[in-house]
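This report covers the nonpolar cores of a protein chain and then its overall dimensions.

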Amino acid sequence: MKRKLLFGERMILGDGTEPFNGVIPFRLKGTFTLEEIQRALAQLQNKHPWLRAHVTHDEKNIPWFEVPEQVVSIPIRIVIRKGEDDWQEESKKEWYMPFDHQKFPLIRFVWIKGEEVSDMFFAFHHCLCDGGSAMTLLYEFLQVLDNPAADIGTENPILGIQDIVPPAILNSRRQRLKAKFIGRVASTIIKYAPVSKKAIERQNDYLIHWKFDKEMTQQLISYCKSNGFTVNTFLCAVVLKAFKKIRGKTALNKVCCPVDIRRLTTQIKHDHIFAFGLMVEVSINEKMNFVDNVRLMQKTVKRKTAKLDPYIKMMVIESWHYALDNFTKILRNGKATNDCMLSNLGLIQVPHEYKNFALDTVFSPSALGPLGQTTGFVVSTFQGEMDFSFIGSEGYLPYADALAIRDEVIETIKLKLEYLAVS
């Protein structure tokens, strides 16, 4: 089984020598054996073909996902657990560890082994899967780790754009011409856009992590519901205001929010291993009060999301293969066009109690790659607690500024919730 990498996957893969890795850490209370973990990972590979795949190149140097006849097991790295924050240091180590994609799958497993508590995580190349896919892997892994007889089904994998875009659209001459025209215009603009000859020095990378307890998380959710906007839009506004306060004139007043393509299509299932993203960009109006501002932002998000056409978008992007080098260069060397990315995974719907162990917490995933701006927040909620991972690099956002932005975000949210409680 094999398929060509889509444009976005090719761009993230690059030449395969630089890591662009994501991690999804979680904490389990219980005792485990290596054999139990190996068996559970093997069951995941049995279900999902691309977890067995390597990357090969054809005579035109085009990369393909290809499942070898002799399947290589998902590698496991074991570390002895010494403290509560070991998972953060091991996550950062995985950011920098490239995958030997010609010999091994594009996924690893890390076991930070303790006597009664273990931290674990999947580390994967971002060209293989996104946060949604990673959450599916977590859900299924815990099922089969607890009960090897559990039926997690078999994935019918995506083998190309024809499995995503309906034939009526993909084969429409009008739609093909539209996609090709938009694609050519966009790629021509990119080709001739002025860009530095030298990539921005990323310098030291960092991960800042914090949680809100159940009471504060529930207050935040209630505040957003009572005002008619989503938690995601509220957080965007808070983050943008924090950037403006800390960064002053260097703040760009723009935040990018990934939109899960699975929400907009019926072809891509929740358990498909897939990594195609859509984006919505929002800003704040500094002349408006906070609540009215967020409500306006919510209308903007709704309007922009409604305009997203995943099928045409994918057809357009697939017309960019010839300009891959130009796109990669502008991402690497171009100036940042937004303050950060904010990805809210929402409620993680994974069971907490199992027969043989308990899932104590799920930490928000993190990812880091070589394609430009690295500043980003990943937010998720598990067992009523909102969890934040703030990723960045000194070359884009100094660590001291990042800490100040974190403090400003937390303080702003507390003030809004205190005002709600008083009123």
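The largest nonpolar core has 117 residues, and those touching the most other members are Phe26, Phe109, Phe122, Phe141, Leu142, Phe234 and Ile413. A nonpolar core is a set of buried Ala, Val, Leu, Ile, Met, Phe, Trp, Tyr and Cys residues joined through side-chain atoms within 4.5 Å; buried means under 20% relative accessible area with a 1.4 Å probe, protein chains only. Helix α8 (residues 231-247) gives the most to this core, 10 residues. At least three residues come from each of domain 1 (2-162) and domain 2 (164-422), with bounds from an automatic or database domain assignment.

The model is predicted: local features need pLDDT of at least 70, side-chain atom pairs count only at pLDDT 80 or more, and totals for chains, interfaces and linings use all residues. Residues are numbered from 1 along each chain as its sequence is written, and side-chain values use heavy atoms, leaving out hydrogens and water.

Leaving aside residues up to four places away in sequence, Phe141 touches Phe26, Ile37, Ala40, Leu41, Leu44, Phe109, Met120 and Phe122 (contact: heavy atoms within 4.5 Å). A second, separate core of 12 residues includes Trp87, Ile112, Val378 and Ile391.

Values for the protein chain are tabulated here.

| Property | Value |
|---|---|
| Box of C-alpha atoms along the principal axes | roughly 65 × 60 × 40 Å |
| Buried residues | 51% of 423 residues |
| Contacts with a separation of 6 or more that join residues 24 or more positions apart | 78% |

Note on methods: Buried < 20%, exposed > 50% of the residue type's maximum accessible area, 1.4 Å probe, protein only. Helix = DSSP H or I, 4+ residues; strand = E, 2+ residues; numbered from the N terminus.
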